[in-house]
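Student: Could we go through the pockets and the surface of this protein together? I'd like to ask things as they come up.

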Amino acid sequence: MPSPYPSADSLRARLTPPVSAITAYDYPTGRLCDEAGVQLILVGDSLGMVVAGNPDTTSVTLDHMVYHTEMVRRGVRQAVLVSDLPIHTYDHPEMALESARRLMEAGADAVKLEGGFQQIAKIERLVDSGISVCAHIGMLPQRVREEGGYKKKGKDKLEAEKLVTSATALEKAGCFAIVLESMIPSVAAEITSELSIPTIGIGAGTDCDGQIRVLHDVVGGYPWFVPPFAKVYGNVAEVIRQSVSDYREEI
Ligand code: KIV
């Protein structure tokens with residue numbers, strides 16, 4: 001039976017470098033990002049931080065992701081819609097498949113999961129079942145606790161080589177795109193030149209096929225923490241504070 005979901009090839013064809021990608025978490029942000037013309041919208045598990053106010057993404061559950069994916073789906077017409085598999089929802093291939101199916105039923109076009117070689121069997125299981133997968137290597141937010149913070153990857157030769165070989169293995173496993181997070185720009189550039197699938201960087205320099213950012217970092221919606229690589233284009237936090245304050249004063 002043919003897969004009811006978009007194929008990896010069809011999704012890849014919709015990503016033309018320079019690929020513009022951003023996160024969204026609900027109907028209005030999904031719709032606004034789609035109307036702004038980005039090529040890929042990610043329902044990121046970063047929602048655990050910028051929406052739910054937790055210190056990292058590790059408290060996000062599959063139920064949270066399903067709920068937010070459904071909201072964003074209602075607003076997205078053009079962009080490729082990818083949804084994150086949260087931590088411990090893809091510990092083995094069958095669990096990955098069951099979890100990914102729930103995100104696809106919620107309206108995702110594809111799922112994203114974090115990690116390199118250790119994820120190959122899970123990715124192959126998803127791809128064989130007709131579910132397209134975006135990979136994510138470099139700094140892995142779901143491992144921030146084990147790693148003791150957000151650290152740049154690829155600083156030594158061994159780590160850099162491992163990133164390049166794992167990226168190649170992820171492409172071979174059938175991923176349609178790959179996020180490169182917080183790594184030395186020359187390593188991201190090497191991965192980009194080795195792979196034929198699009199590389200989408202965040203804190204990985206400019207020599208990627210595209211860039212992804214957390215919506216709140218771009219619009220200035222989470223002023224209490226802004227990552228060092230973020231360029232802030234708006235001041236949504238101030239617009240909200242000022243509008244609510246004006247409203248309160250008028251009462
Ligand atoms: O959850 C997220 O927002 C992400 C991006 C940082 C790529 O994975």
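Student: What classes of residue are in the lining of the second largest pocket?
Tutor: Keeping in mind that this is a predicted model, the lining of the second largest pocket has 5 nonpolar, 6 polar and 5 charged residues.

Student: And which residues lie nearest its centre?
Tutor: Among the 16 residues that line the second largest pocket, Gly 138, Leu 140, Arg 143, Lys 162 and Leu 163 lie nearest the centre.

Student: Which element gives the largest share of that lining?
Tutor: Helix 8 does, with 5 residues, and both helix 8 (157-172) and strand 5 (133-138) supply at least two residues each. The space in this second largest pocket comes to about 300 Å³.

Student: OK, how much space lies in the largest pocket?
Tutor: The largest pocket holds about 630 Å³ of space. Its lining is made of 32 residues, and the closest to the centre are Pro 141, Tyr 150, Glu 181, Val 214 and Phe 229. Helix 3 (47-50), strand 6 (177-181) and strand 8 (210-213) are the elements that give two or more residues to this lining, which by class has 16 nonpolar, 7 polar and 9 charged residues.

Student: Switching to the surface, which residues form a nonpolar patch there?
Tutor: That patch is formed by Val 236, Ile 240, Val 244, Tyr 247 and Ile 251, which together have about 530 Å² of accessible area.

Student: Where does Val 244 lie, and why is it called partly exposed?
Tutor: Val 244 lies in helix 11, which covers residues 236-250. Val 244 counts as partly exposed because its relative accessible area is 47%, and that label applies between 20% and 50%.

Key: Residues are numbered from 1 along each chain as its sequence is written. This is a predicted model: local features need pLDDT of at least 70, side-chain atom pairs count only at pLDDT 80 or more; totals for chains, interfaces and linings use all residues. Side-chain values use heavy atoms; hydrogens and water are left out. On a 1 Å grid over the protein atoms alone, a cavity is a set of points where a 1.4 Å probe fits but cannot get out, and a pocket is an open set with protein on both sides within 12 Å along at least five of seven lines; lining residues have an atom within 4 Å of a point. Grid points are joined across faces, edges and corners, and a volume is the space filled by probe spheres set on the points. Helices (H or I, at least four residues) and strands (E, at least two) are DSSP runs, numbered from the N terminus. Ala, Val, Leu, Ile, Met, Phe, Trp, Tyr, Cys and Pro count as nonpolar, Asp, Glu, Lys and Arg as charged, and the others, Gly among them, as polar. Patches are made of residues with over 30% relative accessible area and no salt bridge: like charges are joined within 9 Å, nonpolar side chains (Val, Leu, Ile, Met, Phe, Trp, Tyr) within 5 Å. Accessible areas come from the Shrake-Rupley method with a 1.4 Å probe; for residues, only the protein chains shown count as cover. A salt bridge is a side-chain nitrogen of Lys or Arg within 4 Å of a carboxyl oxygen of Asp or Glu. Buried means under 20% relative accessible area, exposed over 50%, partly exposed in between (1.4 Å probe, protein chains only).
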